[in-house]
Amino acid sequence: MATEVLVLTRTQFEKALRYYSDALVREFAPKFRLDERDRPSKAWLTNAETMEYLALSRPTLARYRADGRLPFSKIGSSIFYRLEDVEALLESGMNRNGADH
């Protein structure tokens, strides 16, 4: 089996990487979409529910609150998040056309 060496410019490499990563997303993203039944059915989520829904650790969620990335309400020692705010955070993190957020 012969080994081939392929030489690409940085621009060519980045273009190919974008092309193939976009193709993978198109192919596999529908399989990973949340089924509507997986979506929480209530308007407000607890801290634990939000961590689970976003697959975030407690410190990361606390950082999102502290830097204003995720609005919240606090009643006593309990923290709650509106589902629409949690989903807006998910939408804002979507990577479109290779741009970083």
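Which ring does the charged end of Arg 65 sit over? The charged end of Arg 65 sits over the ring of Phe 72, 5.8 Å from the ring centre. A charge is taken to sit over a ring if NZ of Lys or CZ of Arg is within 6 Å of the ring centre and within 35 degrees of the ring normal.

## Model and conventions

This is a predicted model, in which local features need pLDDT of at least 70 and side-chain atom pairs count only at pLDDT 80 or more, while totals for chains, interfaces and linings use all residues. Residues are numbered from 1 along each chain as its sequence is written, and side-chain values use heavy atoms, with hydrogens and water left out.

The chain has a mean pLDDT of 81, and 75% of its residues reach 70 or more; pLDDT is the predictor's confidence in each residue, from 0 to 100.

## Overall arrangement

Four helices and three strands make up the secondary structure, in the order α-β-α-α-β-β-α along the sequence. Helices (H or I, at least four residues) and strands (E, at least two) are DSSP runs, numbered from the N terminus.

Of the 101 residues in the chain, 18% are buried. Buried means under 20% relative accessible area, exposed over 50%, and partly exposed in between (1.4 Å probe, protein chains only). Residues 24 or more positions apart supply 47% of the contacts with a separation of 6 or more, a contact being heavy atoms within 4.5 Å.

## Helix H3

Helix H3 spans residues 58-66, and Thr 60, Leu 61, Tyr 64 and Arg 65 are buried in this helix. Seen down the axis of H3, these buried residues fall within an arc of 145°, so they line one face of the helix. The arc is that of the directions from the helix axis to the C-beta atoms. Arg 58, Pro 59 and Ala 66, on the other side of H3, are exposed.

The cover over the buried residues of H3 includes helix H2 (47-54), E3 and helix H4 (83-92). After H3 comes Gly 68, with a positive phi near 80°.

Thr 50 is found in helix H2 and counts as buried, at 0% relative accessibility. Neighbours within four places in sequence aside, Thr 50 is in contact with Leu 45, Leu 61, Leu 70, Tyr 81 and Val 86. Leu 61 is among the buried residues of H3, and Val 86 is one of those of H4.

In H4 the buried residues are Leu 83, Asp 85, Val 86 and Leu 89. They pack against strand E1 (44-46), H2, H3 and E3.

## Local features

Ala 55 has a positive phi of about 55° although it is not a glycine. Most residues other than glycine have a negative phi. Ala 55 is placed in the loop between H2 and H3 and is exposed, with a relative accessible area of 67%.

Gln 12 lies in helix H1 and counts as partly exposed, at 42% relative accessibility. A polar atom of the Gln 12 side chain lies 2.8 Å from the backbone nitrogen of Thr 9.

A search of the whole structure for aromatic pairs finds zero. Rings of Phe, Tyr and Trp (its six-membered ring) pair if their centres lie within 6.5 Å; planes under 30 degrees apart count as stacked, over 60 as edge-to-face and the rest as tilted.

Methods:
A polar contact is a pair of N or O atoms within 3.5 Å; within protein, one must be able to donate a hydrogen and the other to accept it, and residues adjacent in sequence count only if both atoms are side-chain atoms.
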